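The questions below take up the terms used for this structure and set each against its definition.

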Amino acid sequence: MTTHDTLAAKIQGPVFEPGDDGYDDERTGVQLNGPHRPDVIVGALDAADVRAAVEYAAAHALPVAVQNTGHGLPQGMDGGLLVSTRRMTGVRVDPDARTASIEAGARWSDVVPEAAAHGLAPLSGSAPGVGAVSYVLGGGVGLMSRAFGNAADHVRSLDVVTADAQLRNVTPDADPDLFWALLGGRANFGIVTRLEIGLLPVTRLYGGGLFFDTAQIPEILETWRTWSATVPDAMTSSIAMMPVPDAPVFPAPLRGRRVAHVRIAYLGDAAEGESLIAPLRAVGPRLIDAVADMPYTESGTIHNEPPIPMAYRATNLTVDELGADTARTLLDLADDRTIVEIRQLGGALKAAPPHPTAVGNRDAAYLIGVLTKGDGGAVHDKAEKALAKASSGRLLNFLFGAAATPERVREAFDASTYQRLRELKAVHDPANLFRLNHNIPPAT
Ligand SMILES: Cc1cc2nc3c(=O)[nH]c(=O)nc-3n(C[C@H](O)[C@H](O)[C@H](O)COP(=O)(O)OP(=O)(O)OC[C@H]3O[C@@H](n4cnc5c(N)ncnc54)[C@H](O)[C@@H]3O)c2cc1C
């Protein structure tokens with residue numbers, strides 16, 4: 001007999017309590033800083049399990065969190081009920097409609113090959129191991145975003161369990177307010193069990209990484225900064241200045257060095273791509289030059305982010321322009337322990353979506369990330385202070401761990417969007433059952 005035995009009787013999947021075998025594995029995701037410590041975890045197999053879990057939580061006044069891979073863990077919960085979606089990995093592609101139906105636990109690495117089998121691709125991001133549904137609900141800026149916009153802009157419908165424990169099918173026609181709020185407001189409005197999203201007729205990219213050695217970092221940063229302001233929307237790129245550990249899992253030419261990694265994803269043909277990136281190559285010899293024509297199924301190699309659990313802390317913010325002063329500040333922040341990444345936004349990300357969504361900060365030109373292993377301490381305070389004047393806001397998807405404070409969540413939206421989200425939260429979840437997330441409190 002367990003504390004939550006009446007819950008277990010209603011759930012097809014496993015239920016874990018502290019001390020159970022499997023409890024620690026189930027609550028632990030990719031981000032190891034400040035993990036969830038729930039009273040009980042439901043390892044949902046399907047939407048019915050999610051519905052039963054929310055019904056139980058509401059009846060027992062247990063706040064609810066939801067987790068798939070743990071890449072985007074906000075502040076970890078201490079008590080409450082965690083719905084773990086990692087077993088719900090179904091993906092179904094409709095080649096005629098050019099859509100994918102994606103369950104809550106699928107990662108991009110589940111979706112990309114299914115779509116590719118039909119000559120299609122999703123608007124996936126840099127890391128194949130990231131959960132597709134949460135990524136889309138948070139906006140989703142990916143490898144083709146400057147050409148096709150936020151992934152959220154392509155959603156057709158969502159199945160969601162709301163705070164009243166109802167499973168609803170939400171479309172822009174049937175429930176425009178909830179559709180709007182879920183796409184941007186994410187877990188505040190329920191647990192999405194499945195979504196249907198448009199796919200693109202894309203099978204290949206001219207893409208990959210250019211790695212420059214330490215002495216070249218200032219020049220490649222300045223070259224990429226000015227070059228990125230001139231490129232067409234078919235080009236999505238980023239640059240990371242980073243220390244590479246001296247470990248066998250990293251390519252030999254990079255080990256133990258501080259390098260700049262320029263990531264290229266270009267939708268045009270290889271010859272055009274080659275001439276487009278010629279100014280970057282002209283900066284000088286590369287430690288590795290892996291930019292070439294590639295099938296979209298290999299697009300995870302462009303950023304090549306290590307798919308291993310680790311404790312990390314990130315400061316993320318957006319800017320409306322990347323001036324020389326900001327670039328100098330970033331150069332100063334990048335050191336032997338700190339990764340500084342700049343992703344170019346803009347292009348189709350600024351366009352109005354076919355159906356309105358709450359995704360915020362659409363006009364930003366660049367996303368800046370400052371990342372450390374462990375806590376990183378003072379460098380994050382220094383980054384926040386140094387970049388405060390240039391910052392135009394945040395992207396919800398990139399607010400992790402202790403950085404996901406209520407103030408920063410608010411900064412992911414303009415004032416009227418945030419206020420409308422609060423009003424809709426008061427309608428759909430007045431008791432703030434879904435508060436263990438990037439929380440938007442109900443309007444009072
Ligand atoms: C290495 C790395 C690369 C990334 N690259 C990109 C990128 O290219 N573009 C981009 O836009 N973002 C990117 N992100 C951010 C990523 O999209 C978000 O962190 C996203 O939330 C991760 O989803 P997850 O399911 O993997 O993580 P989780 O930690 O499992 O989920 C994060 C949060 O989403 C909410 N959530 C999860 N599942 C559901 C659900 N079914 N219904 C409602 N809410 C839910 C919960 O509040 C949960 O805490 C990246 C993050 C990392 C760490």
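Q: What makes the span of helix α8 (residues 217-228) close to the expected one?
A: In this predicted model, local features need pLDDT of at least 70 and side-chain atom pairs count only at pLDDT 80 or more, while totals for chains, interfaces and linings use all residues. Residues are numbered from 1 along each chain as its sequence is written, and side-chain values use heavy atoms, with hydrogens and water left out. The expected span is 1.5 Å times one less than the number of residues; α8 has twelve residues and reaches 16 Å from its first C-alpha to its last, close to the 16 Å expected.

Q: Which residues of α8 are called buried?
A: Buried means under 20% relative accessible area with a 1.4 Å probe and protein chains only, and the residues of α8 that are buried include Ile-217, Leu-221, Trp-224 and Ser-228.

Q: Why is one side of β5 (91-94) and of β8 (167-170) left without a neighbour in the sheet?
A: Five strands form an open antiparallel sheet in the order β5-β6-β9-β7-β8, where pairing requires that DSSP finds at least two bridges between two strands. Both β5 and β8 stand at the edges with a single partner strand each, so one side of each has no neighbour there.

Q: How do you know that β7 (residues 155-161) and β9 (residues 191-198) pair?
A: These two strands are joined in the antiparallel sense over six bridges, and Val-160 has Val-192 in β9 as its bridge partner.

Notes. Helix = DSSP H or I, 4+ residues; strand = E, 2+ residues; numbered from the N terminus. Buried < 20%, exposed > 50% of the residue type's maximum accessible area, 1.4 Å probe, protein only.
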